[in-house]
Amino acid sequence: MSISELEFQAASVEGGPEQAVEGRSQWQLTWRRLRSDKVAVIAMITIVVMVGLAIAAPALASLVHHPPNIAYPNTGENAVGNPVGPGTNGFWLGTDDTGRDLMVRIFYGARISLFVGIVTTAIGTLAGVAVGLIAGYFGGVVDAILARFTDAVLAFPYVVLALSLAVVLGPSLTVIIGVISFFSWAGISRIVRGQTLSLKEKEYIEAARSLGAGPFRIMFIDILPNLLAPVLVLATLYIPNAVVFEATLSYLGLGIQPPTASWGNILAAAQNFYQVAWWYTVFPALALLITTLAFNLLGDGIRDAMDPGTERLLAARRGRRARSRRRKSAGPDLADTAGSAQA
Amino acid sequence: MTDESAAGVMTGAQSSQDDVLVRVDNLVKYFPVRTAGYVRRTVGQVQAVDGVSLTIPRGKTLGLVGETGSGKSTLARCIAGLIPVTAGKVTFDGHDITNLSRRKMIPYRREIQMIFQDPYGSLNPRRRVGAIIGDPFAIHRTVTGNERKRRVQELMERVGLNPEHYNRFPAEFSGGQRQRIGVARALALRPKLIICDEPVSALDVSIQAQVLNLLADLQRDYGLTYLFIAHDLEVVRHVSDSVTVMYLGRVAESGPEDVVYGTPRHPYTAALLSAAPAADPDAAASRQRIILTGDIPSPIDPPSGCRFHPRCPKARELCGHEEPPLEVKAGDGPTHLTACHFPVEAGENLATAAAARREAL
């Protein structure tokens, strides 16, 4: 038994008998660990704020009286027709090249980016889990076909395909979501397949079969809960990929079309003005950076929180806290536990 | 297996014909050995079970013993319909249940339940105990909602668990408690037959006794029939009404528990019994172990004739050519069957013969 487990037991002893009946699920334990990870908490707050701003974008627009697609040639542009800087004439983050409010457009861009990121990851995760489960559980010919198809998708130069599809089908939100979803399921599918291959040999799967459970019940009730952890981590890390992918397509002019704001097309338009209007490039880029960074850090945090191996890192902190608490209410039995934990 | 041996089993089983719950006739299970890669050629067969016949009377316990690799667990899985059978027949309560499709098997799944060896591996770590024990009700859609919860808690109480632990996870229980969860799950649908695949071999001895006593109580209360697999001879002796000894996919000897343990006729049974540790040190000191030569051979390429002949202290030339039928030997009761050309006689000292054979090698 490792030190961390003992520490944990000591902590649950302190928890008292009132929580004795209901077992703590994996998720409750993960949540407890995640809450003590400062970086992950900051990332979570950042994401919540960003989502909040995106949802509240119309309200913010009416607050500053600047709808996203209205140009203000008189107040939003200077004498030579260039964007005005942050704080000028009520434009908090300045304006863009046609005199529109940059801040409002960034928040409207967040709506698109987060929507695309979350929807494509959701579709990709559902498809990936389904394909991976079916391939891994049924095996044989089904697996051979699905696994080779997955490999083919992973091997495909996806930017090239995405660009050609956008050109052929014409750029639209639906095409973007379709393309990004199509390229995000394969990685998840491969992980799920591998996990399923090992999980289906467990004795509890045989127990379920001996009870008469059908293949789909086994897949979704017995196997799926065991692989939600890696899938959740992967999905969290796929969201920023999708956000960047959308920005890339829009930047190249194949994604969201102006005048609808997206971080990608704001950046594309901004590149001609970086010498005269730094804010035009910096603020949308910063929004993109902060969002992707927050999702990546949260994903790392969830992975650490779910992996019992990292318990040791957190245990040091928890141990320090527990010791100081013990000094206050010096119980002899707890001191014993601490002694054996140190041994 | 030859025709005479099958006939021998029939005559042997005749006496209990009237109330037989499970009848296995000449069951064969080969696992193909294939090469890796896309073109998978079959290069051999693992002859896990090769012509086994047995009967289990209703309400009784049949103990199945044998070394690791003797085909006990494979046989159990064939009877439970978890793996397809290569040849032979399994009859349950008068119905042929050999190789039924999953759907056709469903009604029999309610009647045949299994308890598994590993109390850690046989419970899904991500599901709460209440859900695990309630699984049989959910799968067979018999009871739902609050009624299901009540039944699950009843079952938990029946097997000696605290019903308030309904919402806990398997990881929060000890090995013995986990095995009780497995027993509760097997019991949920009031089956007729419970196949216990080494149910106590992963437990401490003190806990083993508790679980065995629980199984005995349940058998008495619900009239259960057990197929009890173990490699611990004392455990099998304690629970069984009759015993079948398997060696390398075949039955070596079978008969009532006291007869097989008291006067074993097959040299393998005798060797197995002599190898079991005795609790009494005086008895252990005076006992002569029959030490066999070599290991159990590979089931991919089993020996010809009697499968035990390369290791048998009594083997003669005939044993390598001709397979001995499983039959009643002279002087034995009608239910005591032995598959041996030269069965062990009363008072014979096999230990000396085995030692002499080891010397010769």
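Two residues count as being in contact here if their C-beta atoms, placed from the backbone, lie within 7 Å. With that rule, among contacts in chain A between residues at least 6 apart in sequence, 72% join residues at least 24 apart. For chain B the corresponding share is 65%.

Some ground rules. This is a predicted model, where local features need pLDDT of at least 70 and side-chain atom pairs count only at pLDDT 80 or more, while totals for chains, interfaces and linings use all residues. Residues are numbered from 1 along each chain as its sequence is written, and chains are lettered from A, with ligands numbered from 1, in the order in which they are written.

**The two chains**

Helices (H or I, at least four residues) and strands (E, at least two) are DSSP runs, numbered from the N terminus. A residue is buried if 20 or more other C-beta atoms lie within 10 Å of its own, exposed if 12 or fewer, and partly exposed in between, with C-beta atoms placed from the backbone.

The C-alpha trace of chain B spans about 70 × 55 × 50 Å along its principal axes.

**The eight-strand sheet of chain B**

Strands count as paired if DSSP finds at least two bridges between them. On that basis chain B has an open sheet of 8 strands with mixed pairing, in the order β6-β7-β8-β3-β9-β10-β12-β11. β6 and β11 (327–328) of chain B sit at the edges with a single partner strand each, so one side of each lacks a neighbour in the sheet. Helix α10 (residues 267–275) of chain B packs on this sheet, touching β9 (242–247) and β10 (250–256) of chain B, and its direction makes about 105 degrees with that of β9(B). For such angles, axes are lines fitted to C-alpha atoms (for helices, over the stretch in contact), and values run from 0 to 180 degrees between N-to-C directions.

Strand β7 (residues 193–197) of chain B is worth a look: 5 of its 5 residues are buried, so the strand is largely enclosed by the rest of the structure. Leu193(B), Ile195(B) and Asp197(B) cover one side, with Ile194(B) and Cys196(B) on the other. Strand β6 (residues 112–115) of chain B runs parallel to β7(B) and is joined to it by 4 bridges, with Ile112(B) partnering Leu193(B) and Met114(B) partnering Ile195(B). Strand β8 (residues 225–229) of chain B also pairs with β7(B) in the parallel sense, over 5 bridges; here Asp197(B) has Ile229(B) as its bridge partner.

β7(B), helix α7 (residues 205–222) of chain B and β8(B) form a right-handed β-α-β unit. Right-handed means that, with the strands pointing away from the viewer, the path from the first strand over the helix to the second runs clockwise.

**The four-strand sheet**

Chain B also has an open antiparallel sheet of 4 strands, ordered β2-β1-β4-β5. Strand β4 (residues 87–92) of chain B is joined to β5(B) by 2 bridges, one pairing Thr91(B) with Asp96(B). Helix α2 (residues 72–79) of chain B lies across β1 (20–34), β2 and β4 of chain B, at about 115 degrees to β1(B).

**Core and contact between chains**

A nonpolar core is a set of buried Ala, Val, Leu, Ile, Met, Phe, Trp, Tyr and Cys residues joined through C-beta atoms within 7 Å. The largest one has 163 residues, and those with the most contacts inside it are Ile79(B), Ala184(B), Ile195(B), Leu227(B) and Phe228(B). Its largest share, 16 residues, comes from helix α5 (residues 102–138) of chain A. Setting aside neighbours within four places in sequence, Ile79(B) is in contact with Val22(B), Val24(B), Val90(B), Ile195(B) and Leu227(B).

The contact between the chains takes 21 residues from chain A and 26 residues from chain B. On the chain A side, α9 (203–211) and α10 (215–251) each supply at least two residues, and α9(A) gives the most, with 8 residues.
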